Every structure is written in C-alpha cells, then in structure tokens.
Amino acid sequence: MPYRHLDSFLNNSAMAQLLRFSSDQWYDSRNNGDLPRWRQAYASLPDIQPGEIDLLNAVRIGRVEDCSDSERQQLEAALRRLIPWRKGPFELFGVLIDTEWRSDWKWERLLPHLSPLEGRSILDVGCGNGYHCFRMAGAGARLAVGVDPQLAYAMQFQCIKRYLPDVPVYVLPATLDQVSHEIRAFDTVFSMGVLYHRRSPIDHLLQLQSCLRRGGELVLETLVVDGPEGYSLTPRDRYGRMPNVWYIPSCDTTLRWLARCGFKNCRLVDVSHTTVAEQRTTDWMRFQSLADCLDPENPSLTVEGYPGPKRAVFIAENA
Ligand SMILES: C[S@@+](CC[C@H](N)C(=O)[O-])C[C@H]1O[C@@H](n2cnc3c(N)ncnc32)[C@H](O)[C@@H]1O
C-alpha cells in the first residue's frame, strides 16, 4: 500500500515505520477469516476512471457516463460484498451506498465551528471506513490519516480509495494505542464516537493531546447526558444495546475533563439528539439500528431505560 503523503509528513520517522508494520501485520489473513472474501471483492472492482470527483459537498466519485452498465453492476456487486456499510453515504459512478448513518449530517453540523482545514494535517481516531477523512480532504486538508481497528472498515476504505489514488487520505487498521507515541505533529485531531467506548476517558484525551502539535485543535464528539459538572453515566450493562459503553459524561463534565488535561479554550459547539432519520437500517446495513434500540413505548429512552442518544461536539486547543 503506498504511503506517499504519509512518508513526506512523517519524514521516515519511527512513527512511519510503526504505521507500516502495524498495517501489514493487521491485513494478514490470519487475523480475520473474512479477509480473503474482502480481498476478492477488492480484486473484482472494475478498472474505471472517474471523470469528476466531489469530496467537498459529498463523497461522490465519477459520473454515470464514466462506465458501462455492466461495469456499474460489477462495481455494485463488489461493494455489496463488504456489507454492512455503516458510515457514509458514498456515491460511485451512479451507485449510491446508502449507509446506516447519515455521516454527512454530522459533518455539516461541526464543519462551521472548525478552524479552516485548508493545508492542515489531520488525524481521525476511530474513523470507521474513513468517510469523514475524505470530507477533510475535500475541505482542503493536505493529509488526513484515520485509524480504526475494524478490518472490515479498512477494506471498505480501500475500495473507495481505489478510485482516489492521489487523494492524501489513509486509513490504518489500528487502535490509537498502536499509533500514539507522542507524535505531537498533527494540526487537528478528531475523536468522534470513541470516548464513551474507552474505559479510561482521561487517558484517551491525553493520548489525543499527544498527537497534536502545540496550538493544534482537538475536535471531540461524544455521547452526552444531562447533568451537572462532575456527572457521568456508567451503564449497568448495555447502553442502546451497545455492550462496550463505559462513561457518558455531561457537557460540563467533558469541559472539565478537557481543562484538567491541559487543553485551552475548551468549548461546546453543538448538541443534537440522534434521530432514526440519521441512523437507520438500509439496504446496505440490514441489521438492527437505532429504532430497535429505543423503548417502543417511550422513544426518548433506550431499551434499557437510559436517556436516548444525544451527541455533543467540543473544540479545544493544545496549549
Ligand atoms: C461510533 S464509531 C464512530 C465512527 C466515526 N468516527 C463517526 O463519528 O461517524 C466508533 C469507531 O471507533 C473505533 N474505535 C474504538 N476504539 C478505538 C481505538 N482505541 N482506537 C481507534 N478506533 C477505535 C471503532 O472501531 C468504531 O469504528
């Protein structure tokens, strides 16, 4: 896998070697029995060139007229072998991947609050299949690197990237722990939808901080609950059927955590309830989705009786 933009950014440092090692290792089929099937899907992608690319307003690659009907069928069949598609949507040569999440809605909510991404180097922790990384490139980033341990999402990314070889976006199938070694280099670090999955949220914030240059910007998006400063919800077991949720802080608690970690100018820029229009079962993600995780008698609660999902976006500067 070529790492052209990464190499120039990281200047052959130990970090670049670590990324390459970790990636090669994780793509090894011994680590996932589905990998041969995903590789076949990738290999069966048709060889077509996009006449147009739009990453600014959507992730739209190529036009209907750039390929034949049979090439489009071949493309759709290959992409469907990577179902479930959770983050998106993507449009490739007229094939719409209608993903579980309208990730574009989240992007539109937070983009107006960010320092302009033009020319910035960006790390997106927990990037899924890299949907937002492509949008970062569309907004002018000189480099967007995503990390996510789920190989299935990394393979989805590879399929999209297949048609965007020159776009400076990479997704590495790794956790933050595997790449975070005091990099202190990125201009902007995103962590969206990850904090509540961490058993130690403060350590997560400190790791994110260690990836930022001085004066760099953290964009933190997380589930939140109502409550005073100091309050956070630790579910008895599951939250919205998710087994691995540890801390859902109030907004004021999150701001306090950020300040305690040494971030400056910490601010809350958006709060929104997640709706069943934004997260839903589709033809490209046929499993249960948000509607199945809410109390049918009172959809403002989860099936476990907790407040329904509300998400907040925080911005903070690395001092
Ligand atoms: C709820 S999804 C959010 C995806 C995307 N950031 C978004 O906001 O739409 C959380 C993602 O974080 C990933 N993740 C969980 N723990 C992680 C870790 N320690 N390092 C990197 N990614 C992690 C999961 O695999 C999952 O894809």
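Student: What makes the largest nonpolar core a core, and which residues have the most contacts inside it?

Tutor: A nonpolar core is a set of buried Ala, Val, Leu, Ile, Met, Phe, Trp, Tyr and Cys residues joined through side-chain atoms within 4.5 Å. Buried means under 20% relative accessible area (exposed is over 50%, partly exposed in between; 1.4 Å probe, protein chains only). The largest such set here has 50 residues, and those with the most contacts inside it are Leu79, Phe90, Leu92, Phe134, Ile160 and Phe190. Helix H7 (residues 151–161) gives the largest share of this core, six residues. A second, separate core has 29 residues, among them Val179, Phe186, Val189 and Val224.

Student: What do these values rest on?

Tutor: This is a predicted model, in which local features need pLDDT of at least 70 and side-chain atom pairs count only at pLDDT 80 or more, while totals for chains, interfaces and linings use all residues. Residues are numbered from 1 along each chain as its sequence is written, and side-chain values use heavy atoms, with hydrogens and water left out.

Student: Which residues does phenylalanine 190 touch?

Tutor: Contact means heavy atoms within 4.5 Å. Leaving aside residues up to four places away in sequence, phenylalanine 190 touches Trp107, Leu110, Leu114, Ile122, Leu123, Asp124, Val125, Met136 and Val219.

Student: Why is the pair of tryptophan 85 and phenylalanine 90 called edge-to-face?

Tutor: Rings of Phe, Tyr and Trp (its six-membered ring) pair if their centres lie within 6.5 Å; planes under 30 degrees apart count as stacked, over 60 as edge-to-face and the rest as tilted. For tryptophan 85 and phenylalanine 90 the centres are 5.8 Å apart and the planes make 70°, so the pair qualifies and is edge-to-face. The structure holds eight aromatic pairs.

Student: How do you know that the charged end of arginine 80 sits over the ring of tryptophan 284?

Tutor: The test asks for NZ of Lys or CZ of Arg within 6 Å of the ring centre and within 35 degrees of the ring normal. Arginine 80 is listed as sitting over the ring of tryptophan 284, at 4.2 Å from its centre. Lysine 161 lies over the face of tyrosine 170, at 4.8 Å from the ring centre.

Student: Why do strand E7 and strand E12 stand at the edges?

Tutor: Strands (E, at least two residues) and helices (H or I, at least four) are DSSP runs, numbered from the N terminus. Two strands pair if DSSP finds at least two bridges between them. Seven strands form an open sheet of mixed pairing, in the order E7-E6-E5-E8-E9-E13-E12. Strand E7 (169–172) and strand E12 (263–273) each have a single partner strand, so one side of each is left without a neighbour in the sheet.

Student: What makes strand E9 and strand E13 a pair?

Tutor: Eight bridges join strand E9 (residues 212–224) to strand E13 (residues 310–318), and the two run antiparallel. At least two bridges are required, so they pair. Leucine 220 has phenylalanine 314 as its bridge partner in E13.

Student: Why is E5 called mostly covered?

Tutor: Five of its five residues are buried. Ser121, Leu123 and Val125 point one way from E5, and Ile122 and Asp124 the other way. E5 also pairs with strand E6 (residues 143–147) in the parallel sense over five bridges, and isoleucine 122 has alanine 144 as its bridge partner in E6.
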